[in-house]
Every structure is written in structure tokens, then in C-alpha cells.
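Please keep the sequence and the model in view while reading.

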Amino acid sequence: MKKLLFLLIAVIISTASAHAFIDSYSINRDKLPEEAQQMLTEYFPKAKVSLIKIDRHLLKKTDFDVRLTNGTTIEFTNKGKWTSVDCGSKAVPESLVPKTIRNYVAKNFSGVAIVSIRKRNAGYDIGLSDQVMLRFNLLGQFKGVSMEDE
């Protein structure tokens with residue numbers, strides 16, 4: 001009887017802990033941290049959320065992948081800080097891109113829009129509308145062309 005009880009408890013605990021790491025989905029902005037909600041309101045005031053994927057990880061904190069009805073995808077940390085914005089073929093809101101990077105792109109890639117930005121520990125990856133990926137350090141200094149899978 002004790003073995004059966006122990007087995008039953010083990011199954012319940014393992015099922016519950018496995019469930020804790022299963023991704024979930026929502027369309028409710030309230031599921032996002034406050035900072036993420038504010039970012040969406042400030043930079044994408046007219047866009048509606050079409051899907052929020054809440055990524056739960058075993059060794060890493062939860063993060064959020066948000067898709068807007070205009071096709072934009074945004075990734076947020078568990079605290080609500082954005083880590084990447086991909087607007088497809090539309091320009092990223094200008095004020096999301098550091099001024100030094102905006103100036104460099106305007107000077108060296110005239111007529112090309114910044115359509116994605118990803119924050120990294122060492123700087124930024126910038127996607128341009130002509131499919132070129134640029135890499136910048138945290139100070140906004142150009143470091144070269146970035147490869148997609150880096």
C-alpha cells in the first residue's frame with residue numbers, strides 16, 4: 001500500500017512539475033509585465049495583440065513572444081524588457097533604435113529602412129529592408145555585417 005501511495009504521489013508531482021514548463025498562449029495584454037505593456041502602448045498604440053506566447057523554461061526565466069495584428073513580433077524578458085522587434089517589411093519605430101545607429105544607417109544605407117532590431121549582451125543586430133544584417137556594439141559603433149545564424 002505504501003509503494004502504491006508513493007508511486008501515486010511521484011506521478012502527481014512529476015506531472016505538476018512538467019506542466020509548469022509547458023508554454024501557454026493568450027491574447028490578453030494583462031498577462032505581460034507592466035513594462036512590456038507600456039512599450040506596446042508607446043510604440044505600437046494602434047496595433048492589437050493577436051497572440052502572446054508565454055515561454056516557460058526549466059533553467060531560464062519565463063519570457064514572452066508577442067505577435068501583433070500588423071505582423072510585428074516582439075520578444076520580452078520576464079521583467080518586460082524588449083529583446084527583439086521584427087516589423088517584417090515595415091520600419092521599426094524610430095525611437096527604439098539608438099540615434100548613433102539610425103545616423104549610421106541613414107548615412108551609409110540611404111533609402112533603406114530598419115525593419116528589425118535585436119539587443120544582445122555586446123550590442124545590437126539590425127535588419128534592413130534590403131535583407132542586410134548589421135552588427136553594432138553597445139555604443140552604436142558599426143562592427144560589421146552579421147550572419148543570420150550567429
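How many helices and strands are there in the protein chain? The chain has three helices and nine strands, where helices (H or I, at least four residues) and strands (E, at least two) are DSSP runs numbered from the N terminus. Their order from the N terminus is α-β-α-β-β-β-β-α-β-β-β-β. The model is predicted: local features need pLDDT of at least 70, side-chain atom pairs count only at pLDDT 80 or more, and totals for chains, interfaces and linings use all residues. Residues are numbered from 1 along each chain as its sequence is written, and side-chain values use heavy atoms, with hydrogens and water left out.

Of the 150 residues, 33% count as buried, meaning under 20% relative accessible area, with exposed over 50% and partly exposed in between (1.4 Å probe, protein chains only).

Strands E8 (residues 133-137) and E9 (residues 142-145) pair in the antiparallel sense over three bridges; pairing requires that DSSP finds at least two bridges between two strands. Arginine 135 has glycine 144 in E9 as its bridge partner. Four residues lie between the strands of this hairpin, and glycine 140 takes a positive phi near 85 degrees.

Ring pairs link Tyr104, Phe109, Phe136 and Phe142 into a cluster. Rings of Phe, Tyr and Trp (its six-membered ring) pair if their centres lie within 6.5 Å; planes under 30 degrees apart count as stacked, over 60 as edge-to-face and the rest as tilted. Tyrosine 104 is partly exposed, at 24% relative accessible area. Its ring and that of phenylalanine 142 are stacked, because their planes are at 15 degrees, with centres 4.8 Å apart. This pair joins helix H3 (residues 99-108) to strand E9, across 38 residues.
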